[in-house]
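Here is a set of questions and answers on one protein model. Please go through them with the coordinates open.

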Amino acid sequence: MNQSIHQLQQLIASYTGKVLRERFGKGPESVIVSMGGQYITIYLRNFLTPSERVLLQQDHTHIVYQTRERLMELVLPEVSAYIAQVTGSQPEEMYYDWALHHHSGMITAICLETFTEEVDLNEQFDKKAELEQEIILISGQSRRNPEQLQSFEMNNRTLLFIREGILVPIEKEFIRLGHGELLKSVKRNMEKQYLYQQGLFEPILNRRILDIFVDWDYDFNKSIIVMVTSPRSL
């Protein structure tokens with residue numbers, strides 16, 4: 001791999017925007033890629049098609065989610081393959097979520113190996129312990145505390161939390177019976193209500209929370225939370 005991290009970020013941003021434009025008929029206004037260690041976050045801004053705008057105005061949010069679910073089944077393998085091609089590290093896990101009220105979205109990749117010896121990742125960021133404690137409490141409110149929690153500051157606006165061991169037996173049975181997508185929808189709604197409404201994160205961080213994204217990978221029994229904030233004071 002000869003490219004710098006900055007060059008890789010630009011390549012992945014450009015390719016992701018192109019694939020989304022081809023599949024959705026309209027791409028995001030901007031794509032912001034952050035890389036560190038074995039993690040990539042791809043923040044999509046102003047991403048809403050004209051037909052989706054009409055559906056949201058008519059309160060058909062569930063149709064927008066269902067349509068995007070089908071399209072992302074095509075998008076994620078393409079983005080994953082391109083990441084592997086340009087970084088030399090194959091993504092093992094791919095996550096995504098939308099903040100339709102802000103017309104934004106987030107794709108997160110966890111790769112098998114780090115991209116470079118120069119790990120541009122802050123593992124000991126300010127207020128880490130307090131934030132992790134709140135994430136554990138919120139996870140418990142929606143059924144179970146994670147067995148393991150990691151957190152990273154990807155840049156001065158993006159925080160990544162990775163939870164492992166988050167499924168309870170009844171949820172595993174729902175998944176076994178083929179109701180995984182319904183379970184994910186319910187869990188996402190519940191957790192986002194807790195994450196947005198409790199108002200605990202902004203006082204801890206001393207900055208505004210702009211977007212929060214949540215997704216699960218049932219095969220790995222893991223979940224990620226990505227927070228996008230106003231810029232951290234340097």
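Q: Which residue meets the side chain of arginine 68 in a salt bridge?
A: This is a predicted model, where local features need pLDDT of at least 70, side-chain atom pairs count only at pLDDT 80 or more, and totals for chains, interfaces and linings use all residues. Residues are numbered from 1 along each chain as its sequence is written, and side-chain values use heavy atoms, with hydrogens and water left out. A salt bridge puts a side-chain nitrogen of Lys or Arg within 4 Å of a carboxyl oxygen of Asp or Glu. At 2.8 Å, N to O, the partner of arginine 68 is glutamate 52.

Q: Which helices hold arginine 68 and glutamate 52?
A: Helices (H or I, at least four residues) and strands (E, at least two) are DSSP runs, numbered from the N terminus. The two residues are 16 apart, and their pair links distant parts of the chain. Arginine 68 is in helix H3, and glutamate 52 is in helix H2 (residues 50-57).

Q: Is arginine 68 buried or exposed?
A: Buried means under 20% relative accessible area, exposed over 50%, and partly exposed in between (1.4 Å probe, protein chains only). Arginine 68 has a relative accessible area of 0%, so the label is buried.

Q: How far apart are the closest N and O atoms of arginine 23 and glutamate 78?
A: Arginine 23 is partly exposed, at 36% relative accessible area. Glutamate 78 is also partly exposed, at 21%. Their salt bridge has its closest N and O atoms apart by 2.6 Å.

Q: Why does the pair of arginine 23 and glutamate 78 tie together parts apart in sequence?
A: The two residues form a salt bridge. Arginine 23 belongs to helix H1 (residues 5-24) and glutamate 78 to helix H3 (residues 61-87), so the pair joins parts whose sequence separation is 55 residues.

Q: Which strand holds aspartate 215, the partner of lysine 184?
A: Lysine 184 and aspartate 215 form a salt bridge with closest N and O atoms 3.3 Å apart. Lysine 184 sits in helix H6 (residues 180-197), 31 residues from aspartate 215. The strand of aspartate 215 is S7 (residues 209-217).

Q: What is the relative accessibility of aspartate 215?
A: Lysine 184 is buried, with a relative accessible area of 12%. Aspartate 215 counts as buried too, at 3%.

Q: Which residues are linked with Lys184 and Asp215 in a network of salt bridges?
A: The structure holds 14 salt bridges. Some of them join into a network around Lys184 and Asp215; the other members are Asp97, Arg188 and Lys192.

Q: How far apart are the mean positions of the positive and negative charges?
A: Lys and Arg count as positive, Asp and Glu as negative; His and the chain ends are not counted. Each charge is placed at NZ of Lys, CZ of Arg, CG of Asp or CD of Glu. The chain has 24 positive and 31 negative charges, and their mean positions are separated by 5 Å.

Q: Which residues does valine 228 touch beyond four places away in sequence?
A: Valine 228 is found in strand S8 (residues 222-229). With 2% relative accessible area, valine 228 is buried. Contact means heavy atoms within 4.5 Å. The residues touched are Tyr43, Met106, Arg157, Arg208, Ile209, Leu210, Asp211 and Phe213.

Q: What is the C-alpha separation of aspartate 126 and leucine 205?
A: Aspartate 126 lies in the loop between strand S4 (104-111) and helix H4 (128-141). Aspartate 126 is exposed, at 59% relative accessible area. Leucine 205 is 79 residues away along the chain, but the C-alpha separation is 8.0 Å.

Q: What is the phi of asparagine 221?
A: Asparagine 221 lies in the loop between S7 and S8. Asparagine 221 is buried, with 17% relative accessible area. Its phi is positive although the residue is not a glycine: about 55°.

Q: What is the phi of asparagine 206?
A: Asparagine 206 is placed in the loop between helix H7 (201-205) and S7. Asparagine 206 is exposed, at 70% relative accessible area. Its phi is also positive, near 60°.
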